[in-house]
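Please look at the structure before reading on.

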Amino acid sequence: MKVQKNTSHVRESAKDKAFGGIVTVILVVFAIITAIPLISEIAVSLSSKTASQMNMINLLPVEFTLDSWKYLLGEGGIWKPFLISVSSTVIGVVTALGINVLMAYPLSKTEFKASKYIMLFVVFTMVFAAPKVPYFLTLRAYGLYNNYWVLILPHILTAYNLIIMRTFFKQFPKELEEAAMIDGCGKFRILFQIVLPASKAVLATVGLFYGVTMWNQYEHPMMFIQNMDLFPLQMKIRSIVDGGSELQAITMMQTANYTPATLSAVAVVFAIIPILIAYPWLQKYFAKGAMLGSVKG
């Protein structure tokens with residue numbers, strides 16, 4: 001006797017279709033609204049000196065030119081701050097993930113009796129932040145004033161990201177780890193060969209959190225770095241946006257087809273590009289990792 005498979009599928013009602021359409025329209029409108037400032041900055045960066053001075057630019061470039069980009073990427077001195085930001089972000093994210101993994105994994109184990117007390121201290125640091133003056137004096141006492149490592153070391157461990165990773169490891173199937181232990185695997189081998197390969201979602205999520213924090217940091221460099229040779233990209237952008245006397249003199253030259261406004265727009269767009277490139281690669285892991293790390297406490 002042949003059993004016929006039921007190939008029918010649930011049909012979407014008219015109300016569901018209408019609701020889906022309305023939600024789509026709303027999301028598209030919000031996406032356009034949030035993209036307008038970036039589009040406007042791109043238009044300014046590609047416009048001429050005259051158009052910028054006369055406020056003729058809206059969402060499209062006026063008298064299209066690449067002169068602002070050529071100056072900033074050529075003579076504007078932006079590459080060294082850019083490389084400092086890139087290196088500090090890459091080193092910081094790798095270091096942060098390593099420390100978070102090595103701390104979160106044992107804290108996720110019930111047999112580790114001290115985990116509850118350690119997590120108490122972790123949550124305490126999340127609720128009660130250090131005051132600015134003692135914080136500044138402490139980091140300066142550690143030799144981090146006018147030091148490249150101040151862009152990295154204060155950011156490599158945050159309570160929120162540690163809790164996300166610990167919660168994820170807590171949900172990892174114990175059967176897999178027990179089977180590996182029966183086969184003779186040690187704790188470190190289980191972590192690096194079994195647990196981490198299956199943890200790409202949470203690693204990408206936490207890595208993105210750390211990466212965005214380190215890439216966009218402004219307060220730390222402003223507090224701890226006075227040496228212009230150590231300025232990250234955000235501090236360089238600040239100097240361009242402020243439009244010092246040197247920049248004003250350069251833009252006043254007759255041969256210059258750019259203004260402080262067009263150069264500022266180039267700097268802003270230039271700083272956003274790496275995040276726009278990196279985020280689509282991590283997007284597929286992002287939502288999954290954030291949800292997996294927040295289901296249970």
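## Helix 8 and helix 9

In this predicted model, Glu177, Ala180 and Met181 of helix 8 meet Lys187, Ile190, Ile194 and Val195 of helix 9. Contact means heavy atoms within 4.5 Å. By class, this contact of helix 8 with helix 9 has 5 nonpolar, no polar and 2 charged residues. Here Ala, Val, Leu, Ile, Met, Phe, Trp, Tyr, Cys and Pro count as nonpolar, Asp, Glu, Lys and Arg as charged, and the others, Gly among them, as polar.

Two packed helices are described by the angle between their axes and the distance between the axes. Helix 8 (residues 174–182) and helix 9 (residues 187–195) pack at about 125°, and their axes are 10 Å apart. Helix 8 is therefore oblique to helix 9. Angles under 35 degrees count as roughly parallel, over 145 as roughly antiparallel, 65 to 115 as roughly perpendicular and the rest as oblique. Axes are lines fitted to C-alpha atoms, for helices over the stretch in contact, and angles run from 0 to 180 degrees between N-to-C directions.

## Helix 5 and helix 7

Helix 5 (residues 115–127) packs with helix 7 (residues 159–170) at an angle of about 140°, with the axes 9 Å apart. The two are therefore oblique to each other. Helix 5 contributes Met119, Val122, Val123, Thr125 and Met126 to the contact, and helix 7 contributes Ala159, Tyr160, Leu162, Ile163 and Arg166. The residues of this contact of helix 5 with helix 7 divide into 8 nonpolar, 1 polar and 1 charged.

## The whole protein

The protein has 14 helices and 0 strands. Helices (H or I, at least four residues) and strands (E, at least two) are DSSP runs, numbered from the N terminus. Of the 297 residues, 37% are buried, where buried means under 20% relative accessible area, exposed over 50% and partly exposed in between (1.4 Å probe, protein chains only).

Among contacts with a separation of 6 or more, 74% are between residues 24 or more positions apart.

## Thr262

Where is Thr262 found? Thr262 lies in helix 14 (residues 260–292). Thr262 is buried, as its relative accessible area is 0%. Apart from neighbours within four places in sequence, Thr262 is in contact with Val44, Ser45, Ser47, Ser48, Ser52 and Ser68.

## Basis of the values

Residues are numbered from 1 along each chain as its sequence is written. Local features of this predicted model need pLDDT of at least 70, side-chain atom pairs count only at pLDDT 80 or more, and totals for chains, interfaces and linings use all residues, while side-chain values use heavy atoms, with hydrogens and water left out.
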